[in-house]
Amino acid sequence: MMQTHKLPGPAVCLCTLVLLCMGTVSEPYTPPYPDRDPERYDYRASHHPRDFHRDTSGGRRPECRRCCDPEEEGPTYPYPLPQYQVVPQINITILKGEKGDSGERGPYGKSGKLGKMGLRGPHGMKGTKGNMGPPGDPCKTYYSAFSVGRKKALHSNDYYQTLVFDREFVNLYNHFNMFTGKFYCYVPGIYFFSLNVHTWNQKETYMHVMKNEEEMAILYAQPSDRSIMQSQSFMLDLQQNDEVWVRLFKGERENAVFSDDYDTYITFSGYLIKAMNEG
């Protein structure tokens, strides 16, 4: 009876793969640059400088020594080492120049829109009481008053006549001039005036109270069979140096005021109510 020997399939495949790999590894070495002359080939162009410090002899590496040791001579190389040059660098940020002059002020911009009014702030603290001020000027009161009368009668003429008085009742500070028959204002303010006359029967009484050359008030009485007392009173706002006086109208018709040497029938009075400087 015959026996059949069988080879294992996986073992045959493994052997074949090993042989193929050995054939690939054993291929002859070819230089990386076959088209160049080996004598003219520059190793520095294809190798980094640090590659030359490697041990290519395949033997034991020599001990490390310092190439700058003065007692020993440094190694020699078949090629010149690369020269390195130190390039100084300057930090531009530290080179700061001097401060320049200020430029001209630019134009004002347009005003913005008016914002809303803010809330009212809280009340501040009450301040301390101030010092007492210096004493003021003493209160000054101004006075001016007069009252005069006439005992002689007066008849009209062909010109205006100023009524001159011959009796002085009150003339404070002589503001009324008895020779001219005029009151002169020395204290500006508000004044009250009153004129009283006795009419002549069967004759007309026609008089004016004057301020400077302006007619301010009239005193008039028609002709009558009997004589009467007639009066006029008013107030005036006078300024410095104003004049107040009484004038009899000129004689276009019979015009007169009555009086005698015994009694005073004609009176003219005035006084200051409030001075302008009193505020």
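Predicted model: local features only at pLDDT ≥ 70, side-chain atom pairs only at ≥ 80, totals over all residues.
Trainee: How many helices and strands does the chain have?

Mentor: Helices (H or I, at least four residues) and strands (E, at least two) are DSSP runs here, numbered from the N terminus. Going by those runs, the chain has 2 helices and 13 strands.

Trainee: What share of the chain's residues is buried?

Mentor: Buried means under 20% relative accessible area, exposed means over 50%, and partly exposed is in between, with a 1.4 Å probe and protein chains only. The chain has 279 residues, and the buried share of them is 22%.

Trainee: Among contacts between residues at least 6 apart in sequence, what share joins residues at least 24 apart?

Mentor: A contact means heavy atoms within 4.5 Å. Of the contacts between residues at least 6 apart in sequence, the share joining residues at least 24 apart is 71%.

Trainee: Which strands does β7 pair with in the antiparallel sense?

Mentor: Two strands pair if DSSP finds at least two bridges between them. With β10 there are 10 bridges, antiparallel, and asparagine 196 has serine 231 as its bridge partner there. β13 is joined to β7 by 8 antiparallel bridges, with serine 194 opposite serine 269, while threonine 199 partners valine 257 in β12. So by the two-bridge rule, with 2 antiparallel bridges to β12 as well, the partners include β10, β13 and β12.

Trainee: How many residues of β7 are buried?

Mentor: β7 is mostly covered. Phenylalanine 193, which lies in this strand, is buried with a relative accessible area of 0%. For β7 the buried count is 8 of its 11 residues.

Trainee: How many bridges join β1 to β13?

Mentor: These two strands run antiparallel. One place to look is glycine 149, which stands opposite threonine 267 in β13. The number of bridges joining β1 to β13 is 6.

Trainee: Phenylalanine 193 and phenylalanine 268 form an aromatic pair; is it stacked or edge-to-face?

Mentor: Rings of Phe, Tyr and Trp (its six-membered ring) pair if their centres lie within 6.5 Å; planes under 30 degrees apart count as stacked, over 60 as edge-to-face and the rest as tilted. That rule gives 18 aromatic pairs. In this one, the centres are 6.2 Å apart and the planes make 20 degrees, so by the cut-offs it is stacked.

Trainee: How many residues apart are those two phenylalanines?

Mentor: The pair links distant parts of the chain, with phenylalanine 193 in β7 (residues 189-199) and phenylalanine 268 in β13 (residues 266-275). Phenylalanine 268 is buried too, at a relative accessible area of 1%.

Trainee: Why is the pair of tryptophan 200 and phenylalanine 258 edge-to-face?

Mentor: Tryptophan 200 is in the loop between β7 and β8, and phenylalanine 258 is in β12. Both are partly exposed, tryptophan 200 at 23% and phenylalanine 258 at 24%. The ring centres are 5.3 Å apart, and the pair is edge-to-face because the planes stand at 85 degrees.

Trainee: Which residue lies over the face of tryptophan 200?

Mentor: A charge sits over a ring if NZ of Lys or CZ of Arg is within 6 Å of the ring centre and within 35 degrees of the ring normal. At 4.6 Å from the ring centre of tryptophan 200, the residue over its face is lysine 203.

Trainee: Which residues have the most contacts inside the largest nonpolar core?

Mentor: A nonpolar core is a set of buried Ala, Val, Leu, Ile, Met, Phe, Trp, Tyr and Cys residues joined through side-chain atoms within 4.5 Å. This core has 29 residues, and elements giving two or more residues to it include β1, β7 and β13. The residues with the most contacts inside it are Phe183, Phe193 and Phe268.

Conventions. Residues numbered from 1 in each chain as written. Heavy atoms only, no water.
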